[in-house]
Amino acid sequence: MIFIIALFAILASVLALSLYQSYQAAILRINERVMTSSQIVATNAGWIDALAWQALRRIDDRLGPEVRTGSTSGVEDIKDAVYGLPGQVQAYVVNADGLTLYSTDPQLKPIDIRDREYFSALAKGASEYISPMLVSRLNGEQIFVYSRRLQRGNKFAGAVMVSFSADMLSSIWQLVDLGPGSTIGIMRADGKVVARYPKPPGPIDLGNYILFTDYLKKNDHGVYEAVSPADGARRIVGYRRVPGTDLVVQASAGYEENMREFWRNLYFTVSFAAATAIGVAVGAAWIASLLNRDAVRNRELERAAQQNQMLMREIHHRVKNNLQIIQSLIRLQPLPDAVKNSLFDRLSAMSSVHEHIYRYDRFSEISADTLIPSVIDPLVRAYRPDVKVDYDLDNCPVSNDQATSLALLVGEVTTNALKYAFTDGAPGKLDVRLKTLDAGRARLEIQDNGPGFTPNADTSGMGTRLITASVQQLSGQYHYEIDNGTRFQAELRLI
């Protein structure tokens, strides 16, 4: 009897422990999903923020030294100023009296916006402003607005604004796919909600909510479980500040919806245990043994994976160091400065590839939008720090097999432009664009505003041969165009 009681006690303990571990594992999976999802939302929010401010600056620059004060009868098309911005976005330019001068909005109506804080804050002296969630007076939709003060001389000359529809978060919500009851949101640092999906009934202020009064004061990112003040639903929430902005994002998963499968499994497990106690005891012991064995195997695999990753990181780090040693050795050789600089530039381009691989732990592919600036910026600082570089780069993945060829190609074309395109002393500018064409292919353009050159003038130099070889290794083709400078254009395979 004592043996049977002890057996059942062990059974109950093992079963309780197994259920507890399953519960913790379920919570951990949800935590990992919401944290990953919050990173996706933060990336998109940072992209929207950067593009919005870029568009506002671009519109401000195009307005020139004066902002006219006429009526709305002069509304003009400025669609090119918001090219590349995601979702349903409209741009507006208003004068100091709140009258619209320019717009991309086909539904534009004469509306007084001087009471809107995105205008009044600028009129009171703010240079930039991000609005909380608003309801559009044009169509009744939920929107949020980025605005920038127009300053001409020492006077307030008006405002330039871009307005985003809250519906643009729908595609991000579908992408993170946290299931029924989930939400994503973008908030200002003061707690006011900028946009949320699914959309709430109206504006929300979370300034006194636990996220802003407690969690963000402790850490810039994390996970917590709480009842939403917006709709009273219990959720597990992943949050993080968006680097370089005044924004905070969240991605939340419905607690009940995500735990439903766990509770269903618990019910069947307990029912089966009650009906077949002895069988469950034997099965539980066996399952516990398997779980323990799997846990040991998983830990061993994890340690092996971490060790392999550390070794790969060390290999690429050593390759980068070896390239730098080679540069130092070249510096000691009695070579012409032009030859040394050419070798330095090409070795630096290759070094950038290996640095990106080990720094970002991207051992299968890296992102072109971070690799290309890391190649070009050092060249600009070395040759012509007065040259302005404008980047318009898609987030194109580049396989490690193609990364070195791309880095050498970008470095060689940029070096040619910096050395030969700006000889007249005029302000120099480079436009660097990379656009996705289809799976694995992209179009690269590097354009300067120099006097241009004859593309076929010299096809025998080392630089030309290196460009041709790099393009061939990238399974592409290239050509030059002379149009207010020299434009290098190539279609390449990056994966």
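## Basis

The model is predicted: local features need pLDDT of at least 70, side-chain atom pairs count only at pLDDT 80 or more, and totals for chains, interfaces and linings use all residues. Residues are numbered from 1 along each chain as its sequence is written, and side-chain values use heavy atoms, with hydrogens and water left out.

## Overall composition

The protein has ten helices and 18 strands; these are DSSP runs numbered from the N terminus, H or I over at least four residues for helices and E over at least two for strands. Of its 495 residues, 44% are buried, that is, under 20% relative accessible area with a 1.4 Å probe and protein chains only.

The accessible surface is about 26,200 Å² (Shrake-Rupley method, 1.4 Å probe). Carbon and sulfur atoms hold 54% of that surface. Among contacts (heavy atoms within 4.5 Å) with a separation of 6 or more, 62% join residues 24 or more positions apart.

## A five-stranded sheet

An open antiparallel sheet runs in the order β8-β7-β11-β10-β9, where two strands pair if DSSP finds at least two bridges between them. Its edges are β8 (193–197) and β9 (221–227), each pairing on one side only. Neighbouring strands are turned by 20° against each other on average, direction ignored; axes are lines fitted to C-alpha atoms, for helices over the stretch in contact, and angles run from 0 to 180 degrees between N-to-C directions.

Six antiparallel bridges link β7 (residues 183–188) with β11 (residues 247–254), and Thr183 has Ser252 of β11 as its bridge partner. Helix α5 (residues 255–275) packs on the sheet and touches β9, β10 and β11, with its direction at about 40° to that of β11. Helix α4 (residues 210–218) lies across β7, β9, β10 (234–241) and β11, at about 55° to β10.

## Ile172

Ile172 belongs to helix α3 (residues 169–176). This residue counts as buried because its relative accessible area is 7%. Leaving aside residues up to four places away in sequence, Ile172 touches Val41, Asn44 and Ile184. Tyr197 is 25 residues from Ile172 in sequence, and their C-alpha atoms are 9.0 Å apart.

## Nonpolar cores

A nonpolar core is a set of buried Ala, Val, Leu, Ile, Met, Phe, Trp, Tyr and Cys residues joined through side-chain atoms within 4.5 Å. The largest has 46 residues, of which Tyr146, Val162, Phe164 and Ile184 touch the most other members. Helix α1 (residues 2–63) gives the most to this core, with 13 residues. Another core lies apart from it and has 36 residues, including Val375, Leu379, Ala421 and Leu474.

Notes:
Buried means under 20% relative accessible area, exposed over 50%, partly exposed in between (1.4 Å probe, protein chains only).
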